[in-house]
Every structure is written in C-alpha cells, then in structure tokens.
Amino acid sequence: MGIFDFLKGKKKDKILQWHDKYKVNIIEIDAQHKKLFALYNELLNAMYKGEGYDVLEKCLDELIRYIGTHFLTEENYMLKFNYPAYEEHKKLHFELIKTTLNLHKEFRERKTVLTEEVVDFLNDWLTNHVLQVDQQYASFFKKRGYINS
Ligand code: FEO
C-alpha cells in the first residue's frame, strides 16, 4: 500500500493518544514520552495533509533527534539507579536509532518515501517500547523506592 492509500483514510487509527498507562511516573520522562508522541503525530499530520518533502524531512528529523535526546535521558536514570537491565535496554535503543537513522538517510537521499509501513513501524515501536520495556525500569525504580507511585 502506498502513500496515496494511506492518505485516503487511516490517519485517525494511527494518531497516538496519551493515556496514563504509558506513565513511568518520572515527570521528566513522561514529558519526553508525550513529546515523542506529539512529534510522531506531527509527522503523521504532515503526511496526511500531503505536505512536501521539506516539511516531512523536518518532522522526521525533529522526531529522530528527540528520540536520541530521550534515550540519553532515560539511560542516565538507569545508570544513576543501577538498573540491572541497563545494557539490554540500551541495546534496544541503539537498534531503533540505527533503523531510524537509516530510514532518515534513505529519505534524505530520496531513495525511499514515507509509507504506511514506516508509520506503522514508528507507531508500534513507540507504543510497545513505552508500554512494555520502559515499564520494566519504572517497576524496578518503584520497588527500590526511587519513585513514589
Ligand atoms: Fe522511553 Fe526506553 O524509551
């Protein structure tokens, strides 16, 4: 399915809505996760509106840069609180960064276009990672009393 089919009608299903279930109960990280969702939604909206290459490239660039910022913040918390699965979690971050940077490069070189598959990949990764993998350190921090709720 190409971009045209995508633009015809599935945007609504792919918008990310913030829910409390995504919270890790660290104010800084919850704010970053919300911003990641918002940047993803901006990219989705730009695609839906049929914006040109420059706008899409800017949205994608901003999303990828912020993913990098977020991962560093999160990894610093894990180091600070001696999270035992730090290396494993960091590896997952690295894999996403590698995939998105590659995607960005191909898009910049106009070797690929943003398709529904790309959006699905980002959507799945963001929601599943925040909802499952990030919740594991949140649970560890909570048990150790580093966070309150
Ligand atoms: Fe919030 Fe592990 O990324």
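User: Which residue just after α6 takes a positive phi?

Analyst: The model considered here is predicted. Helix α6 covers residues 116-143. Just after this helix, a positive phi of about 80 degrees is taken by Gly145.

User: At which residue does α6 bend, and by about how many degrees?

Analyst: Helix α6 runs through residues 116-143. The bend in α6 lies at Gln135, and its value is about 40 degrees.

User: What distance separates the end C-alpha atoms of α6, and what span should its 28 residues have?

Analyst: The reasoning begins from 1.5 Å a residue, so the 28 residues of α6 should span 40 Å. This agrees with the model, where the end C-alpha atoms of α6 are 39 Å apart.

User: Are α4 and α6 roughly parallel or roughly antiparallel?

Analyst: Two packed helices are described by the angle between their axes and the distance between the axes. For helix α4 (residues 53-80) and helix α6, the angle is about 15 degrees and the axes are 12 Å apart. Angles under 35 degrees count as roughly parallel. Therefore the arrangement of α4 and α6 is roughly parallel.

User: How many nonpolar, polar and charged residues does the contact of α4 with α6 have?

Analyst: On the α4 side, the residues include Leu63, Phe71 and Tyr77, and they meet α6 residues including Leu122, Trp125 and Phe141. By class, the contact of α4 with α6 has two charged, two polar and eight nonpolar residues.

User: Are α3 and α4 roughly parallel or roughly antiparallel?

Analyst: The axes of helix α3 (residues 27-48) and α4 come within 9 Å, and they cross at roughly 165 degrees. Angles over 145 degrees count as roughly antiparallel. Therefore α3 and α4 are roughly antiparallel.

User: How do the residues of the contact of α3 with α4 divide into nonpolar, polar and charged?

Analyst: Among the α3 residues in this contact are Leu36, Leu39 and Leu43, while those of α4 include Leu56, Leu60 and Ile67. The division for α3 with α4 is five charged, four polar and 15 nonpolar.

User: Which residue with a positive phi follows α3?

Analyst: Helix α3 comprises residues 27-48. The residue that follows α3 with a positive phi, near 75 degrees, is Gly50.

User: Is the crossing of α4 and α5 left-handed or right-handed?

Analyst: The axes of α4 and helix α5 (residues 86-108) come within 11 Å and cross at roughly 165 degrees. That angle makes α4 roughly antiparallel to α5. The contact of α4 with α5 holds 13 nonpolar, five polar and six charged residues. As for its hand, the crossing of α4 and α5 is left-handed.

Note on methods:
Residues are numbered from 1 along each chain as its sequence is written. This is a predicted model: local features need pLDDT of at least 70, side-chain atom pairs count only at pLDDT 80 or more; totals for chains, interfaces and linings use all residues. Side-chain values use heavy atoms; hydrogens and water are left out. Axes are lines fitted to C-alpha atoms, for helices over the stretch in contact, and angles run from 0 to 180 degrees between N-to-C directions. Helices (H or I, at least four residues) and strands (E, at least two) are DSSP runs, numbered from the N terminus. Angles under 35 degrees count as roughly parallel, over 145 as roughly antiparallel, 65 to 115 as roughly perpendicular and the rest as oblique. Contact means heavy atoms within 4.5 Å. Ala, Val, Leu, Ile, Met, Phe, Trp, Tyr, Cys and Pro count as nonpolar, Asp, Glu, Lys and Arg as charged, and the others, Gly among them, as polar. The expected span of a helix is 1.5 Å times one less than its number of residues. The bend at a residue is the angle between axes fitted to the seven residues ending there and the seven starting there. A crossing is left-handed if the near helix is turned anticlockwise from the far one by less than a right angle, and right-handed if clockwise.
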